[in-house]
There are 2 protein chains.
Amino acid sequence: MKGSEGLLATAAAAGVDICFANPGTTEIPLVEAFDQVDGVRAVLGLSEGVVTGAADGYGRMTGAPALTLLHLGPGFANGIANLHNARRARTPIINLVGEHASWHQAADAPLSSDIESLARPVSGWLGRTTSTSSAPEEFAEAYVAALRDRLPATLIAAADHMWGQGAMPASAPARPERPQVDELRIAEVAKVLSAGRRPVLLLGGHALENAESIRTAVRIAAAAGGDVLAERGSARVERGPDIPPLQTLPYFPEAVTSALDGYTDLILIGARTPVSFFGYKGQLSHPLPDGLNVHELADADADSLTCLTALAEATGSAADKLPRAERPKVTAPTGALDANAIAAAIVLTQPEHAIIVNEGVSSSAAYPAIADAAPAHCELALTGGAIGMGMPVSTGAAIACPDRAVINLQADGSAAYTVQALWTQARESLNVTTVICSNSRYRILDEELRRAGIDDPGAAAASMTSLGEPALDWQAVARGFGVQSTRATTGEELLNALRAAQAQPGPHLVEAVL
Amino acid sequence: MKGSEGLLATAAAAGVDICFANPGTTEIPLVEAFDQVDGVRAVLGLSEGVVTGAADGYGRMTGAPALTLLHLGPGFANGIANLHNARRARTPIINLVGEHASWHQAADAPLSSDIESLARPVSGWLGRTTSTSSAPEEFAEAYVAALRDRLPATLIAAADHMWGQGAMPASAPARPERPQVDELRIAEVAKVLSAGRRPVLLLGGHALENAESIRTAVRIAAAAGGDVLAERGSARVERGPDIPPLQTLPYFPEAVTSALDGYTDLILIGARTPVSFFGYKGQLSHPLPDGLNVHELADADADSLTCLTALAEATGSAADKLPRAERPKVTAPTGALDANAIAAAIVLTQPEHAIIVNEGVSSSAAYPAIADAAPAHCELALTGGAIGMGMPVSTGAAIACPDRAVINLQADGSAAYTVQALWTQARESLNVTTVICSNSRYRILDEELRRAGIDDPGAAAASMTSLGEPALDWQAVARGFGVQSTRATTGEELLNALRAAQAQPGPHLVEAVL
């Protein structure tokens with residue numbers, strides 16, 4: 001068989017069932033192989049930001065890598081921003097980047113570039129095919145690396161290695177094991193927790209994806225007289241009636257310091273030491289209160305649940321009853337819309353087991369603040385700060401979970417980055433409802449201007465934060481890409497629009513005018 | 001003054017008057033400086049592919065660098081594909097990439113990444129600010145490098161260096177000189193031309209941007225009994241009644257070989273040895289006929305006109321009359337549209353001194369084939385093969401030349417990549433008419449599938465080349481981004497639509513349905 005067929009057959013045997021793609025000439029042999037090899041479905045995106053973001057959404061929901069198929073350096077480059085988010089989300093992805101035939105690379109044809117240099121910053125593993133016969137094995141390496149590292153792995157596939165004959169599928173690669181629990185570390189943290197001080201457990205990464213991890217952490221904290229917090233901007237947070245509500249660390253560094261004030265010990269479980277999103281004059285990179293001791297129970301590579309279970313045993317809290325928790329009360333929004341009203345409307349209309357993708361940017365914080373009032377759901381946040389993730393991640397999450405409703409709480413500025421994702425949602429009839437928080441501004445920049453002491457920006461600065469003149473017509477944009485849309489200016493209209501969107505299959509866009 | 005103000009004042013003093021921008025928090029000090037420093041106008045793009053492509057269009061038309069303002073690694077990454085095209089176009093650009101405050105970089109905040117690794121493949125010069133006081137001088141270095149190398153230069157500017165006080169503008173950097181003419185090389189080529197063989201001069205790069213270069217080359221070739229060809233995919237080609245028509249080298253390698261068949265010597269003037277766009281089975285990277293001798297008169301760094309003038313003197317052809325040239329006859333298209341009809345409609349309606357941006361992809365070749373029948377104009381082509389350049393390059397060209405009409409001959413697949421450029425066209429009231437060659441396909445991939453021997457693609461392969469289901473509604477997309485639009489299905493309708501667009505200021509989109 002061809003190299004491309006051997007590679008895809010190896011992927012299919014490993015259980016990889018989806019490839020988000022925007023191929024070109026160098027990828028023709030792989031395009032052809034989709035029809036020759038069973039088991040891997042190709043989904044087209046109109047730009048590579050859609051392709052890589054969709055793979056991130058798919059990987060966050062399944063824990064398994066999707067393939068991406070990208071066209072040489074420039075095609076890869078268009079997908080880097082969402083791979084950056086995927087790297088921060090610790091999402092396994094396997095990028096297949098087409099490359100000129102091996103004998104053609106020295107000619108420096110127009111589309112040639114240094115793909116490795118582009119790929120290294122967002123790839124945990126990076127390699128090239130070296131021949132037709134070895135390509136399937138090289139793919140298997142990338143597969144194992146993506147799952148082991150929980151990071152994008154990038155395989156650059158030369159066209160002649162793909163079109164050449166004589167490949168055989170590699171034996172199905174095994175999923176790598178997580179590192180063993182570090183007993184010494186468990187014992188040390190248990191000792192900290194038993195010291196009668198005031199600890200706080202900070203959950204992040206995969207610890208938030210698992211209901212039992214959250215429950216176990218809450219039991220441990222309660223027994224130790226402490227609390228549990230959730231890291232901000234997490235890949236996936238599970239919530240529901242049987243999951244204790246968690247407060248999320250705030251965004252600005254001074255607020256992080258306040259939130260951690262009064263605690264003696266910070267225990268990291270799949271989370272990093274809190275870091276300020278940006279460096280602000282006179283503030284710290286790590287905005288911790290003085291004297292707070294930081295301990296790491298489980299890093300991002302560890303299995304958080306196993307570590308927490310061991311810690312619960314060590315602290316004797318494994319069988320404790322969960323403390324009774326207050327849940328927020330949410331009332332139906334009426335009249336003019338703001339971020340709180342939009343969040344409330346979503347909470348009140350989201351169906352059971354919805355997937356909430358939150359790229360609300362300046363409108364994002366309102367949702368997690370009341371989300372514990374909603375039915376069981378998970379929330380996928382902007383992990384790496386590279387805007388333009390919401391529409392593609394929603395697309396990939398909907399492909400991964402066709403039976404669940406996806407609701408994308410989406411800022412307008414970031415929506416415009418990868419708006420092409422709407423087309424894939426239409427083409428694949430995905431159950432995604434995009435709620436555009438339409439304020440016709442990069443409002444987060446208005447806030448940052450104020451923080452920088454610029455209360456009255458000049459005309460040039462003001463023009464850099466305004467998306468008006470002309471305001472985007474989101475209903476027209478949606479129609480252009482084949483998606484039905486509604487416009488809501490009040491809480492009542494928004495509730496109606498969201499209920500109507502949930503009642504009908506396929507994608508919808510609701511412009512919520514702020 | 002602040003570092004950002006010192007930097008911008010240095011830019012203004014050097015004559016840099018435009019900055020295409022999509023800033024974020026780390027760029028706030030530069031955003032603020034646009035109001036403090038006179039002379040540099042900021043133009044917002046809704047995604048960085050728009051920003052860098054606009055800078056390419058601006059640089060191709062002016063020969064001078066525009067600034068881009070980009071938000072850390074991910075913001076830069078979104079602009080790489082069009083910087084790749086700019087690199088192939090040899091366009092000077094100065095990228096200002098915001099970066100975390102110097103003291104915050106070690107904290108690996110969510111938006112941190114290896115910006116150098118991302119920037120190197122598309123930057124002729126790459127550097128970082130090292131302090132507030134040195135930032136203006138470091139900018140001056142980038143400026144000189146961009147013009148010297150005719151390439152993007154990338155300066156990574158740390159937020160604290162920009163917000164810090166104590167900078168002074170650097171003295172205005174001088175424009176670097178072109179390398180001197182190599183007399184020995186002139187003499188050698190003159191000897192080849194006088195040998196009574198059959199030479200062909202291949203013009204590329206800056207040689208095609210200058211009417212006198214083209215006339216001089218044609219005189220030299222005529223005197224030597226040879227011909228002149230134009231490189232394919234050039235940054236800018238000038239055409240008009242007083243410029244001799246040139247044939248362009250074809251796209252596919254076997255056609256290149258045919259076009260060069262019968263010549264004894266190939267003289268490169270600002271052009272590279274012809275290279276196949278992709279490597280095809282059984283074909284050469286450099287598809288030259290056997291026995292063709294290649295000589296380089298002027299590389300991309302040289303001043304082509306000076307070299308050609310010297311060669312004309314050396315061959316005694318400087319004062320020769322230009323040979324009489326046939327120009328194509330173009331008749332008004334009627335009935336159903338195809339690529340030829342669209343090209344004819346543009347040729348027949350384009351006003352004097354129009355700028356034609358050609359990203360027609362599979363519909364692109366029809367225009368240059370008849371463009372010598374049009375009034376004086378220039379054509380900007382896809383240099384690096386990274387699709388999504390047409391809409392942004394048109395935007396930048398219109399900013400550079402507000403008194404000229406810009407007509408963007410645009411494929412639909414590539415239009416969808418950077419469709420956000422329409423919004424900047426609307427916001428800035430730019431005279432851009434976008435003609436979408438709407439075939440609802442990646443038709444170039446259909447051709448490549450056939451070339452790969454796949455005449456009857458399977459369902460998966462077919463779905464990778466189809467942009468139907470749903471077809472993009474280009475009129476709705478245009479309206480969404482604030483641009484007026486028309487739909488044309490016949491030659492008559494297209495002629496009317498183009499005339500109407502030219503009669504009204506501001507941007508228009510015409511969907512030409514194939």
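Begin by selecting A:Arg451 and A:Tyr280, where the charged end of the arginine sits over the tyrosine ring, 4.1 Å from its centre (a charge sits over a ring if NZ of Lys or CZ of Arg is within 6 Å of the ring centre and within 35 degrees of the ring normal). This is a predicted model, in which local features need pLDDT of at least 70 and side-chain atom pairs count only at pLDDT 80 or more, while totals for chains, interfaces and linings use all residues. Residues are numbered from 1 along each chain as its sequence is written, chains are lettered from A in the order in which they are written, and side-chain values use heavy atoms, leaving out hydrogens and water.

Over all chains, the structure holds 10 aromatic pairs. The planes of A:Tyr251 and A:Phe252 stand at 75 degrees with ring centres 4.8 Å apart, so this pair is edge-to-face.

Now turn to chain B and select B:Arg451, which lies over the face of B:Tyr280 at 4.1 Å from the ring centre.

Finally, return to chain A and show the open sheet of 5 strands, whose order is β10-β8-β7-β11-β12 with parallel pairing (strands are DSSP runs of E, at least two residues, numbered from the N terminus, and two of them pair if DSSP finds at least two bridges between them).

Definitions and conventions:
Phe/Tyr/Trp six-rings, centres within 6.5 Å; stacked < 30°, edge-to-face > 60°. Helix = DSSP H or I, 4+ residues; strand = E, 2+ residues; numbered from the N terminus.
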